[in-house]
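Welcome, and please open your viewer.

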Amino acid sequence: MLHTPRSTRGMVTSPHHLASQAGLDVLKEGGTALDAVIATAAALAVVYPHMTSIGGDAFWLIQWPDGRVDTIDACGAAAGRADLTFYRNAGHATIPWRGGAAANTVAGTVSGWGEAHRLSGAYHRQRQTQALPLERLLRDAIWYAEQGVPVTAGGAEVAAQKSAELCAVSGYAAVFEPEGRPLQTGDILKNPALGETLRKLAAESVASFYTGSLAQSLVADLARAGSPLSAEDLAAHAASLRVPLSVGVSGATLYNMAPPTQGVASLLILAVFDRLKAEAPESFAYWHGLVEATKQAFRYRDTHVGDPIYMTVEAQHTLNDAAALDQMAAAIDPRKAAPWPYPSQAGDTVWMGAIDADGVAVSMIQSTYFEFGSGVVLPQTGIVWQNRGSSFRLAEEGWNVLRPGRKPFHTLNPAAARFEDGRVMVYGTMGGEGQPQTQAAVFTRYAQYGMGLQQAVTAPRWLLGRTWGDESVTLKYEDRFAPDLVAQMAAAGHKMERVAPFTSLMGHAGALVRHPDGMLEGATDPRSDGGVAAW
């Protein structure tokens, strides 16, 4: 897949074609890019439940036509009862990955939809156009939840892989193994309870999720599943508008999400690489340079990044510090790989983007952390609850240790760029540790080396560490790189591991670009079930 779709009136990309179409239909009815992304996100929560849910977290990055850039932090915090005593009394030395004890942070996604809808309404009023109600934005998601959607091959593969691990988790089998076996490709997945939940959100507003009738149902089901979350935890949550992180590179300004996300790492990779010399893509200097820049960025991230309330180093200050960036670049040996002993983190996520005819451009990422999150499916609402809080450490002190009310470190980070020539780009991917690496590959191939947008997404990728599977510190690469280039990387000291030519291990990337004349370009990842929807 190398052809780049183009249009002029609006475009949406996501990792499931039905969700992209749901977003495009909203654009056709006069919705903004924010409206389109709400519709896309809601549909994904139904048709792609192994990757996302309304029981997870989300982050938004919005580029406005006048040049302003906003972000929405829709990340939930740890429960008030989620502390060392809670887990030690339950006999846990670490937080479990699955089950009620893993469902220990508030789900922020729905609050992000509410804030995005508020911003969209303000934009409609400014433009003197008719705003679309939440009921319309959730329409397709409701239909798919109640009437059913065919299971994709990717979804069936994950369901089969995780069946033994999840089938006994509270509520999981009733929805995802209704016939006593994992859902298979082409089976019709229905979740009528989730459809009813979306109807209530449309009728009662997103506040119902945190303080209304839905909140009461959520708390009751979470308690039965063994979660420490309470009504007070839900009521205390709110999405927030935040200033984005930014950094300049050759020909563009890059934007990403502030902590607790790893957005600073994504920007550091590109800022450090911009200081290196690599005249051609798919060369040793290119591949080695980006991998080594990743190591520099991840060392910074793993030392400093977490809940911003607890951070002692300001991420934007580092990005503004040219001497610090120069020092990171100077620390890279252009011929030899630096040691890399760090294990990595998992993550299952969806990225989506939309650009409307006015030029409002949205980059949004939504996640439950692991595939199917905690595995807990709440019976009254049909919601899969995230396990993002499993990333907390059970310790007295140190990085990302569990504290009541603390936000967990997030691999999620939506990306965007504004070029000096007037182009605007939104891009991103799922994939945990792979997100900054894939963002770097897609951006540099397109922006710095002139690849077509779709070609930049389709081209072979690599991953230092892992997203799914066993802990690993190897440099995994898709089996489409030139053998002599792989040999050069190995000779430089990289611990190479070949994987399939196209694999979801490398994430589900996407990108949209708006040119100054209004032409739109879009790309979707052939590793996903996605599609670009345009008009």
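Does Asn-400 count as buried or exposed? Select Asn-400 in this predicted model: its relative accessibility is 2%, so Asn-400 counts as buried. You will find Asn-400 in the loop between strand S13 (383–384) and strand S14 (415–419).

Next, select Phe-372, in the loop between strand S11 (361–369) and strand S12 (377–378). Here phi is near 60°, again a positive value in a residue other than glycine. With 3% relative accessibility, Phe-372 counts as buried.

Now go to the loop between strand S9 (252–256) and helix H13 (263–273), where Pro-260 lies. Show the backbone there: Pro-259 and Pro-260 are joined by a cis peptide bond, with omega about 20°.

For a pair of helices, select H2 (residues 33–47) and H4 (residues 109–127), whose axes come within 9 Å and cross at roughly 155°. That angle is over 145°, so H2 is roughly antiparallel to H4. Their contact is made on the H2 side by Leu-34, Asp-35, Ile-38, Ala-41 and Ala-42, and on the H4 side by Trp-113, Ala-116, His-117, Leu-119, Ser-120 and His-124. Color these by type and you get 7 nonpolar, 3 polar and 1 charged. The crossing of H2 past H4 is left-handed.

Last, pick two cysteines. Cys-75 is buried at 1% relative accessibility, while Cys-167 is partly exposed at 35%. A search for disulfides across the whole structure finds 0.

Note on methods. Residues numbered from 1 in each chain as written. Predicted model: local features only at pLDDT ≥ 70, side-chain atom pairs only at ≥ 80, totals over all residues. Heavy atoms only, no water. Axes fitted to C-alpha atoms, helices over the stretch in contact; angles between N-to-C directions. Helix = DSSP H or I, 4+ residues; strand = E, 2+ residues; numbered from the N terminus. Parallel < 35°, antiparallel > 145°, perpendicular 65-115°, else oblique. Left-handed = near helix turned anticlockwise from the far one by under 90°. Contact = heavy atoms within 4.5 Å. Nonpolar A, V, L, I, M, F, W, Y, C, P; charged D, E, K, R; others polar. Disulfide = S-S within 2.5 Å. Buried < 20%, exposed > 50% of the residue type's maximum accessible area, 1.4 Å probe, protein only.
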